[in-house]
Amino acid sequence: MSKQTWLTGITTSGTPHLGNYVGAIRPAVEASHNHKHEGFYFLADYHALIKNQDPAGLRQSRLEISAAWLALGLDTEHVTFYRQSDIPEIQELTWILTCMTAKGLMNRAHAYKGVVQENQENGTTDPDKGISMGLFSYPILMSADILMFQATHVPVGRDQIQHIEMARDIAQRFNHHYGDHLVLPQVVVEERASVLQGLDGRKMSKSYGNTIPLFETSKKLRKSIMKIKTNSQEPGEPKEPDGNTVFEIFRAFASPEQSSDMRQAFVDGIGWGDAKQQLFELVDATLAEPRERYVELMANTAQIDTILAQGAQKAREHSRPYLQQLRQAVGVE
Ligand code: TRP
């Protein structure tokens, strides 16, 4: 079997939080050290532009997210780490694919349909209110991201499965018409990928405003953890660990042994203050070293730019000749 190519994109919106770490960054960093596969990891900044039209915020988020991935040990020697916007070939491929995509296929995309539905529910007269062509054709840009690097495996969360299916549909239509040039990607759903609970017990997510930032100071981290919502059970009362936010976050960072000790402590009636203090100490110890690297990178963002420029160069060694092949296939060479 030929070598697998794994590729995934990270939309550069918001400040990285513990949920991003556990659900996406940690598994990807681990995979980057597995030299069995070729790996492409990129910052989907043109995807972020669809929702974020505040230039300073967009730039800041891109820097914070790159710094977080680097500080947490992404192996950039082995994998190719780059910015989507540094690869002009992706945009050219986007147009070629746009001309191969049925509008009806895009009508079915969840991201777009979700907004239409919201408009209808709010009684808005124009169902397309607030919908840009960027949002509408978002899956085509995502297909270009994937097809540009002949990815065979694309690890994503459940909400993205439809987009990978669309990439396959579009690639199939292209291949049917122009010959076998594009590689059909396979979706890898990270079933195990932990979904972390946030301060209020719902999924930790920027849109709920319940996140714990990944790289704030130790003092602020402690303060955030102390804000986790708990019930009114007193110290000494046995507590249910499963499903409890403090326990679940603890478990996401702990060794099996530490988890079973904490489980026992819950049963024995540990007080919320103590449990949170232990959670803080564990998370703080895990993040202390990467935090130093993160602060250093954010203080000297030129280092980030250099790494991304090298990544872009590596990526373009692939995208340039391949786009040439595709241009030739469609007759615009
Ligand atoms: N849309 C994806 C998300 O929001 C990010 C992304 C952009 C992506 N391009 C991609 C993921 C290509 C996988 C492959 O999570």
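**Charge pairs and ring pairs**

Glu92 is partly exposed, with 36% relative accessible area. This is a predicted model. Glu92 forms a salt bridge with Arg327, at 3.0 Å from N to O. Glu92 belongs to helix 4 (residues 88-98) and Arg327 to helix 14, so this contact ties together parts that are 235 residues apart in sequence. Arg327 has a relative accessibility of 24% and also counts as partly exposed.

The structure holds 10 salt bridges. Another of them joins Asp305 to Arg62, with the closest N and O atoms 3.8 Å apart. This pair, too, links distant parts of the chain: Asp305 sits in helix 14 (residues 301-330), Arg62 in helix 3 (residues 55-71), and 243 residues separate them. Asp305 is partly exposed, at 38% relative accessible area. Arg62 has a relative accessible area of 11%; the cut-off for buried is under 20%, so Arg62 is buried.

Arg293 is partly exposed at 37%, whereas Glu289 is exposed at 56%. Elsewhere, shared partners join Asp242, Glu248, Arg251 and Arg263 into one salt-bridge network.

Now the surface. Lys219, Lys220, Lys223 and Lys227 gather there in a patch of positive charge. Lys220 lies in helix 10 (residues 218-226). Its relative accessible area is 52%, and exposed means over 50%, so Lys220 counts as exposed.

Next, the aromatic rings. The count comes to 11 aromatic pairs. In one, the rings of Tyr21 and Phe253 have centres 5.6 Å apart and planes at 20 degrees, so they are stacked. Tyr21 is in helix 1 (residues 18-32) and Phe253 in helix 11 (residues 245-253), so the pair ties together parts 232 residues apart in sequence. Both Tyr21 and Phe253 are buried.

Phe247 and Phe266 pair in another way. Their ring centres lie 5.6 Å apart with planes at 65 degrees, so this pair is edge-to-face. Phe247 lies in helix 11 and Phe266 in helix 12 (residues 256-267), so the contact ties together parts 19 residues apart in sequence. Phe247 is buried at 1% relative accessibility. Phe266 is buried at 0%.

Ring pairs also build a cluster. Its members are Phe40, Phe42, Tyr82 and Phe149.

Methods. Residues numbered from 1 in each chain as written. Predicted model: local features only at pLDDT ≥ 70, side-chain atom pairs only at ≥ 80, totals over all residues. Heavy atoms only, no water. Patch = residues over 30% accessible without salt bridge, like charges linked within 9 Å, V, L, I, M, F, W, Y side chains within 5 Å. Areas by Shrake-Rupley, 256 points an atom, 1.4 Å probe, with all protein chains shown as cover. Salt bridge = Lys/Arg side-chain N within 4 Å of Asp/Glu carboxyl O. Lys, Arg positive; Asp, Glu negative; His and termini not counted. Charge placed at Lys NZ, Arg CZ, Asp CG, Glu CD. Helix = DSSP H or I, 4+ residues; strand = E, 2+ residues; numbered from the N terminus. Buried < 20%, exposed > 50% of the residue type's maximum accessible area, 1.4 Å probe, protein only. Phe/Tyr/Trp six-rings, centres within 6.5 Å; stacked < 30°, edge-to-face > 60°.
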